[in-house]
2 protein chains.
Amino acid sequence: VTGKQLTIGVDLGGTKIETVVADADGTVLGEDLRPTLAAEGPAAVIARIADSIHEACGKANVAPAGTLGIGISSPGPAKPKEGIVTDAPNLPGWHDIHVTKLLSDAIGVPSLLENDANAAAYGELRFGAAQGLQHIVYVTLGTGIGGGIIIDGKIYEGASGAAGEVGHMIVLPDGPVCNCGNRGCVEALSAGPAIARDAAALIAGGKAAKLAELAGESPLTAKLVYEAALQGDDEAREIIHRAGYYLGLGLVGILNIFDPQALILGGGLVNMGDLYLGPALDTARKGAFPQIAADALITTAKLGSRAGALGAAALVISRPPA
Amino acid sequence: VTGKQLTIGVDLGGTKIETVVADADGTVLGEDLRPTLAAEGPAAVIARIADSIHEACGKANVAPAGTLGIGISSPGPAKPKEGIVTDAPNLPGWHDIHVTKLLSDAIGVPSLLENDANAAAYGELRFGAAQGLQHIVYVTLGTGIGGGIIIDGKIYEGASGAAGEVGHMIVLPDGPVCNCGNRGCVEALSAGPAIARDAAALIAGGKAAKLAELAGESPLTAKLVYEAALQGDDEAREIIHRAGYYLGLGLVGILNIFDPQALILGGGLVNMGDLYLGPALDTARKGAFPQIAADALITTAKLGSRAGALGAAALVISRPPA
């Protein structure tokens, strides 16, 4: 391995760091996964990313200096062009952290920054469910709901680098309050915490017995609600169904606005499968303009948790950092 | 005038045909406005467009053959690349009408087709409220609510030429039925017919006395509701305010998704001014992410009813028809 066409991709998340060393075809030659331990603060996390890069490079049998550079996928908000994470709610202490400079200094190769939804969208475009397409929207479904928009094969960043906040379309004006301050955003109705919140309200009302039993004293999560639904708790099932329905209302808007070649759904909630995605896709397909719904590939992400790291790695080639 | 840099722009609407002969700076050298008389069918309308072109060219003192070509803005749905209007609800009999071929044959210069919202968006970008910008969303507010999206200075058409249907974001799932079949689209809540429908319901309930008096036996229109509001009918005022509010909810989604440099509002309803746009812009600015709302120029269109014709004329230069 000469390493000349290899790049490093790092997906920095609130709970884990995922690093890949990949070639231009998206083949992963080395990989490392470790906890972020975000509570230790930016300096410790940067050092841990550097360790992860060295580990992944070791597995790929290439020196970091033998790669073309590092692509970093991070939670927003960020200023991707400047390489700065301005304020990441899931990374305590990360305020105006110049992550590209810190990592380039530590590793000795140039690096670039992209927000996680955009990086994952680009990963799916290059190596996943949307290969060969030009216009796609990727929607990530997890603790939050975000989006990555690709137009003409390029990430669309918007005027201030904040484009793609598809979770903050309002679909129920009198609905629950969202983290953004509005009521009834898709995120407030369909993200993981929304499912947990609705379940907690049910249990507080003496319902969803199976779920209450499963949860015991532990905090409610979307995953627990899903397990209760699988075990036959109809009320848990109904909560997930409703969350999927509201997601579908948002997807109608995305489809009608973008008329995309592909609408890709990724993120942890996709693992709930038909129980969640069924009503979402059904609502989306029925609600969008027939021509648009017929033309769009609507599917789940293929790269799973590697999408962000692989997308970031690919960006090093298409948008070479200085 | 040599005519070498002149282009012809035609805005074909359901009620009128607007034709301009313009130079590359958007200066109008000749203009013609005449009724569409759409009921007479496609052949008669095409002949009338040809007459309008000859009239406008005469005023500009240029032969049509001395121009670079014709840009046609038409109501959708259409296949812009193929030059075909597939099915225009406001133009009876227009099914798969190859309007570029018919006009090119009639006039003897090449022509191109663009849908009306996209053409108006491009007009505003080149010569109007968004000059010099790259990423804008134009929203047209009238009988319907549509949109034109400009990314990197180019019209974004989507996978099948249907992108920009911003009026069909769902913001009130149990709201009134929309022409598209959904409930609670922005168009079903905030377009002209929605305002007229709400007013008719009030009058049927014995309310909005001033409006009822104004309307007499004539059919209710948004314009009548506006006049009643100006004359102090509080219920008419409230209807317009509510329509503006729901429009604002849709604009929140547009801003958060696109993070545009500019959001331009055009179309006839803009003439209702603050009564309608006030609640819309207030809701949009408060509801969008602060960074996005701060960065976006949010304003009304500058070119008025000429936007579509001027945008179509400009497209002849940027996207020369064969």
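1. Helices here are DSSP runs of H or I with at least four residues, strands are runs of E with at least two, and both are numbered from the N terminus. By that rule, A:Lys101 and A:Asp105 both sit in helix H2 (residues 99-107) of chain A, 4 residues apart, so about one helical turn separates them. The two form a salt bridge, with the closest N and O atoms 2.7 Å apart. A salt bridge means a side-chain nitrogen of Lys or Arg within 4 Å of a carboxyl oxygen of Asp or Glu.

2. A word on the model. This is a predicted model, in which local features need pLDDT of at least 70 and side-chain atom pairs count only at pLDDT 80 or more, while totals for chains, interfaces and linings use all residues. Residues are numbered from 1 along each chain as its sequence is written, chains are lettered from A and ligands numbered from 1 in the order written, and side-chain values use heavy atoms, leaving out hydrogens and water.

3. The contact (heavy atoms within 4.5 Å) takes 41 residues from chain B and 41 residues from chain A. Of the interface residues of chain B, 100% are also interface residues in chain A, so the copies meet through the same surface.

4. The buried area between the chains is about 3,200 Å², with 63% from carbon and sulfur atoms. B:Tyr156, B:Ile170 and B:Ile257 lose the most area on the chain B side, together 19% of what that side buries. Buried area is the accessible area (1.4 Å probe) lost by two parts on being put together, summed over both.

5. Between chain B and chain A there are 2 salt bridges. B:Lys154 forms a salt bridge with A:Asp152, the closest N and O atoms being 3.2 Å apart. Over all chains, the structure holds 20 salt bridges.

6. Rings also deserve a look. Ring pairs link A:Tyr156, A:Phe258, B:Tyr156 and B:Phe258 into a cluster. Rings of Phe, Tyr and Trp (its six-membered ring) pair if their centres lie within 6.5 Å.

Definitions and conventions
Rings of Phe, Tyr and Trp (its six-membered ring) pair if their centres lie within 6.5 Å; planes under 30 degrees apart count as stacked, over 60 as edge-to-face and the rest as tilted.
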